[in-house]
Amino acid sequence: MIESLCPAELDDWLTRQQGARPLVLDVREPWERQTASVAAQGFELVAIPMGEIPARLQELDPERPVACLCHHGARSLRVAAWLAQQGFAEVANLSGGIEAWSLERDPGVPRY
């Protein structure tokens, strides 16, 4: 089952990943990341567009906790479910995406 987190809950999720280097996987398109992006604080931020994930899967470690991020949460949920099917041990979806991130965590992140 994919854990659903609102961006305000991310810090608690990161804390629970004892000894692991958590990763936030931004699955948005490059133009979206240029419009609005998050600052990596307490996690590594990796950007791979959703359509490229299967071809670039080897860039991700299935033993690392991964929280997926997109614009509103639908694409990231699909990616999170797919990663879980591929054997990733700890996968979460940031529900509400970058939109919720701007509202809950960092109002300096532009909304689009």
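Which strands does helix 3 lie across, and at what angle does it run to strand 5? Some notes on that and the rest of the fold follow.

1. **Ground rules.** This is a predicted model, in which local features need pLDDT of at least 70 and side-chain atom pairs count only at pLDDT 80 or more, while totals for chains, interfaces and linings use all residues. Residues are numbered from 1 along each chain as its sequence is written, and side-chain values use heavy atoms, with hydrogens and water left out.

2. **Helix 3.** To take the opening question: helix 3 (residues 74-85) lies across strand 2 (23-26), strand 4 and strand 5, and runs at about 175° to strand 5. Helices (H or I, at least four residues) and strands (E, at least two) are DSSP runs, numbered from the N terminus. The angles run from 0 to 180 degrees between N-to-C directions, with axes as lines fitted to C-alpha atoms, for helices over the stretch in contact; contact means heavy atoms within 4.5 Å.

3. Five strands make an open sheet in the order 1-5-4-2-3, with parallel pairing. Strand 1 (3-5) and strand 3 (44-47) are at the edges with a single partner strand each, so one side of each has no neighbour in the sheet. On average, neighbouring strands here are turned by 30° against each other, direction ignored. Two strands pair if DSSP finds at least two bridges between them; strand 4 (residues 66-69) and strand 5 (residues 91-94) have three, in the parallel sense. Within that pairing, valine 66 sits opposite valine 91 of strand 5.

4. **Helix 4.** Six of the eight residues of helix 4 (residues 97-104) are buried (under 20% relative accessible area; exposed is over 50%, partly exposed in between, with a 1.4 Å probe and protein chains only). The helix is therefore largely enclosed by the rest of the structure. The buried set is Gly97, Ile98, Glu99, Ala100, Trp101 and Ser102. Those residues pack against helix 1 (10-16), strand 4 and strand 5.

5. **Aromatic pairs.** Searching the whole structure gives two aromatic pairs. The rings considered are Phe, Tyr and Trp (its six-membered ring), with centres within 6.5 Å; planes under 30 degrees apart count as stacked, over 60 as edge-to-face and the rest as tilted. Tryptophan 31 and tyrosine 112 are edge-to-face, at 5.9 Å centre to centre and 70° between the planes. Tryptophan 31 belongs to helix 2 (residues 30-35) and tyrosine 112 to the segment after helix 4, so the pair links parts 81 residues apart in sequence. Tryptophan 31 is exposed at 53% relative accessibility, and tyrosine 112 is partly exposed at 27%.

6. **The other pair.** Phenylalanine 43 and tryptophan 101 have ring centres 6.3 Å apart and planes at 80°, so this pair is edge-to-face. Phenylalanine 43 is in the loop between helix 2 and strand 3 and tryptophan 101 is in helix 4, so parts 58 residues apart in sequence are tied together. Phenylalanine 43 is buried at 8% relative accessibility, and tryptophan 101 is buried at 3%. Arginine 105 lies over the face of tryptophan 101, 4.6 Å from the ring centre (the cut-offs: NZ of Lys or CZ of Arg within 6 Å of the ring centre and within 35 degrees of the ring normal).

7. **Threonine 15.** This residue lies in helix 1 and counts as exposed, at 61% relative accessibility. Its C-alpha atom is 9.1 Å from that of glycine 42, 27 residues apart along the chain.
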